[in-house]
Every structure is written in C-alpha cells, then in structure tokens.
Amino acid sequence: MFKNYRKSKLLFLILLNLIFVATGSTQTDAVEPQRITLTWEGDPATTQSVVWRTDAMVENPCAEIALLAPHLNIAGKNANTVPASTETITIEAGPTVYYHTARFQNLSPAQYYLYRVGDGKIWSEWNTFRTADKENLPFQFLYLGDVQNDILSKWSVLIRQAFSRAPMARFYLYAGDLVNRGQDDDNWREFFAALGFIPRMIPTVPVPGNHDTSRKLLGIRGSRLVDPLYRAHFALPKNGPDDKEEQESAFFMDYQGMRLIAVNTNSNDNPAQLQWLEKVLKESRANWNIVCHHHPLFSVGNDRNDSELRKNLMPIYQQYQVDIVLQGHDHRYGRTNKIVNEQTVSDSARAPIYIVSVSGPKAYRHNPHFAHLLHVEAGETQCYQIINVTPEELRYEAWSLDNQLIDAFALRKTVNGTVLVNLK
Ligand SMILES: [Fe+2]
C-alpha cells in the first residue's frame, strides 16, 4: 500500500513537471519582473524611474504608464509604452541576471500614476506612484539607518511598522548598509522580500555604506567602490562629483523646498566630492538643506571616533546652512542639539544637528567620546524616523520597533535662521 502511494506520488510529480514544461511555466518565471524599485534620476515633480530584474534576457523590456483613474480598466486602456534599457550583471559565483530601467518623463506634478513593467507579454501587477508638487507644500519622508542583518527574519517587522505609521511618506531614505554584503544576491533577495510592495509604490533613495561596497573594486584613492550589484538595483541622479567611478554614489535632489544631498563617505577624502558638496550647498535656494551619509561625524557606538571625517565635512556643514545630518554605521541611536566645532551651541545658532540611527537588529555598545553631545541616546533599539517638511518648520520623529516615540524635535524658521525646539 505504502509502496503504491510512493509510486503514484512519483508519477504525479513527473506529470506535473511535464505540464510545466509544456506550458512554458519555467520560462515565464525567468522573465517575470522581480525587485521592482522606484527611484529618481531627475526632477521628482516630472520624472520617475523604475528598475526591475529578470532571470532571463527579455526581447522587449518596457513599462506602461497612465494617469490613475477611478477604475483600473479605464486607466489601463490609456497607457503609454516606454521602452527600457538593460544592464547585464553576473552574480558572484552565480548566474547572469538582467536589470531593466524605464524612465518616465514629462509627467505632471502632484499626480498619481499607474504603471507596470514587463516585456509586452508577461507583465508585473499594476502599481502606483505620486509625483512631487511644484510648490513647496508639506510632505513627509522616512529616514532609515543600517538594515544590514537578519533582513527578512527580523528587519521585516521594523519596516512594516514604519510603513503602517507613515503610509503617505513620499520616499524612503537609507543611510547606507542596506545589506551586509553588497555582492551577495541572497542579501538583496531578503531585502526585497522584507519590503514587499513598498518600493514599487514609494521611491527609494539609497546612500551607500561600507557594507554596500565591493571587495574587489578599488577607486583611484584606494577606497572601495560601491558594488555593481548594489548599483544595478537603483537608477539615481548623475549630478554628483565629476568623477566617473563614483557616479550615482553621491548626488542631490530637490523635493518641495528641501535639498537632500547624498554623500559617499566610503571615499570622504575625495577632493572632487568635497568641492562638489560645497558647490551644491552654496547654490542651494532651498528652505532646508539635509545631508545624508553613512559614517557619522560624532560616533555614538563602540569606540569609534572619525576625526578625519569631521575635518573634511564639519567646516562645510558649518559654513553653509546645513540643517540636519542623517547618518548610520553605529548600530545605535543618538541625536545631538545644534553643534559647532564639537560643542553644543544655542538652539537659535546657525548650526547643524547630527543624527545616527539603526533600523536592523545589530546593536553596538555606548560610546563615551561624544555622549555629552547627545540629547537623546538609545542602545538596542531599532528605529525608523518620520520627517515632516513645510516651508516654516521641519518636524522630526524617531519611533522604536515597539511603537514608542523615542525622540522628537522641530526646527522652526526665524528671521535669522532656525530655532530648535526639543519635543522630547
Ligand atoms: Fe556600516
């Protein structure tokens, strides 16, 4: 009886396999769009890029886009086709895979769009995105520290809490170490599995950390370059330093009155990057200037103390009006008041606030070096941050995994600059 059962089970499996081969299901899986990710390369009010991956080469990679309508069938009927470009990546000790980028242009500001990606026959589901307003209207975005470890098993919980609390966030800003090994495809598989549909509807703004770099590719100054697999997942602005090898690892974007500048601190001594950073800040007419990079100027974890980084970046942040500096790397939470030359200054001074946060489960111990500068410090606490921006006020909230508001402050515009109001 048992033998017969095994025999019929085997026959059933063979039959199932034959059906799959006959219907071409394996082929379909290979060209099915995965890891669909919205990013910006240009103006968030009028452009949107989308990157996706297939395991097999596709003949005609493309996207369809339409304005969102009351019924999907109506919207879908009016869709325009946009061809995509393809990049081939061979995964370390693994197969060759294909990354496609479609670039939507000449969009209308403040509109919801519907899009899907595929090859003209096999499509993803329909997804939506919203373009930025032309005016400096209020908006919110999310800032996240290192993801890095136990991405699917543990970080999932944090990111889904974050999504639930701020479903209308316009984008997610990552301060580096999105994964533990930038070249490890399984890390990226976990990252996208944890996020689910989120990056398909809320654009990602990634800033590279040390774990996102390649072990093999070194830049001209000997610093590690961002891994090609990290790069493949995101189409980013090409407005960074005039330095081809660092392209898309440092960039800036303007979003409704806020200038957000991503600095690649894996090569913080790059003179081209420092010159570029100064220029981008000098030319800014934004209400708020926010800088994001991985390595912190005032370390809050372990025994770290990066004086080289402070020497390079602090004078620039102090000379030009940088409001907040968003960082990662230390696997701990710490937020200063306004700081000039390693000292707390008055809440109405013209000076930046420095923040370190962590979203993943890895935790570092207290660092005594700069503890006296911290207004709020938290260890063994996974957090996400919601930042609300209006022309008059920037309001910041840090939430822990268990839904506690662990930090909050407002920066309010005054005639001379801003005043910091601690709400925690
Ligand atoms: Fe790091």
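Reader: Which domains does the domain assignment of the protein chain give?

Author: This is a predicted model, in which local features need pLDDT of at least 70 and side-chain atom pairs count only at pLDDT 80 or more, while totals for chains, interfaces and linings use all residues. Residues are numbered from 1 along each chain as its sequence is written. Domain bounds come from an automatic or database domain assignment. For the protein chain, that assignment gives domain 1 (33-130) and domain 2 (139-422).

Reader: Which element contributes the largest share of the side of domain 1 that touches domain 2?

Author: The centres of the two domains, taken over C-alpha atoms, are separated by 27 Å. Across the boundary, 21 residues of domain 1 are in contact with 19 residues of domain 2, contact meaning that C-beta atoms, placed from the backbone, lie within 7 Å. The elements that give two or more residues to this side of domain 1 include strand 2 (48-54) and strand 4 (80-90), strands being DSSP runs of E with at least two residues and helices runs of H or I with at least four, numbered from the N terminus. The largest share, five residues, comes from strand 1.

Reader: How many charged residues does the side of domain 1 that touches domain 2 have?

Author: The classes count Ala, Val, Leu, Ile, Met, Phe, Trp, Tyr, Cys and Pro as nonpolar, Asp, Glu, Lys and Arg as charged, and the others, Gly among them, as polar. By this division, the side of domain 1 that touches domain 2 has nine nonpolar and eight polar residues, and its charged residues number four.

Reader: Which residues have the most contacts inside the largest nonpolar core?

Author: A nonpolar core is a set of buried Ala, Val, Leu, Ile, Met, Phe, Trp, Tyr and Cys residues joined through C-beta atoms within 7 Å. The largest one has 104 residues and draws at least three residues from each of domain 1 and domain 2. Beyond its neighbours within four places in sequence, Leu173 is in contact with residues including Phe141, Val205, Cys292 and Leu326. Those with the most contacts inside the core are Leu142 and Leu173.

Reader: Is Glu248 buried or exposed?

Author: Glu248 lies in the loop between helix 7 (228-233) and strand 13 (251-255), and has a positive phi of about 75° although it is not a glycine. A residue is buried if 20 or more other C-beta atoms, placed from the backbone, lie within 10 Å of its own, exposed if 12 or fewer do, and partly exposed in between. Because 21 other C-beta atoms lie within 10 Å, Glu248 is buried.

Conventions: Contact = placed C-beta atoms within 7 Å.
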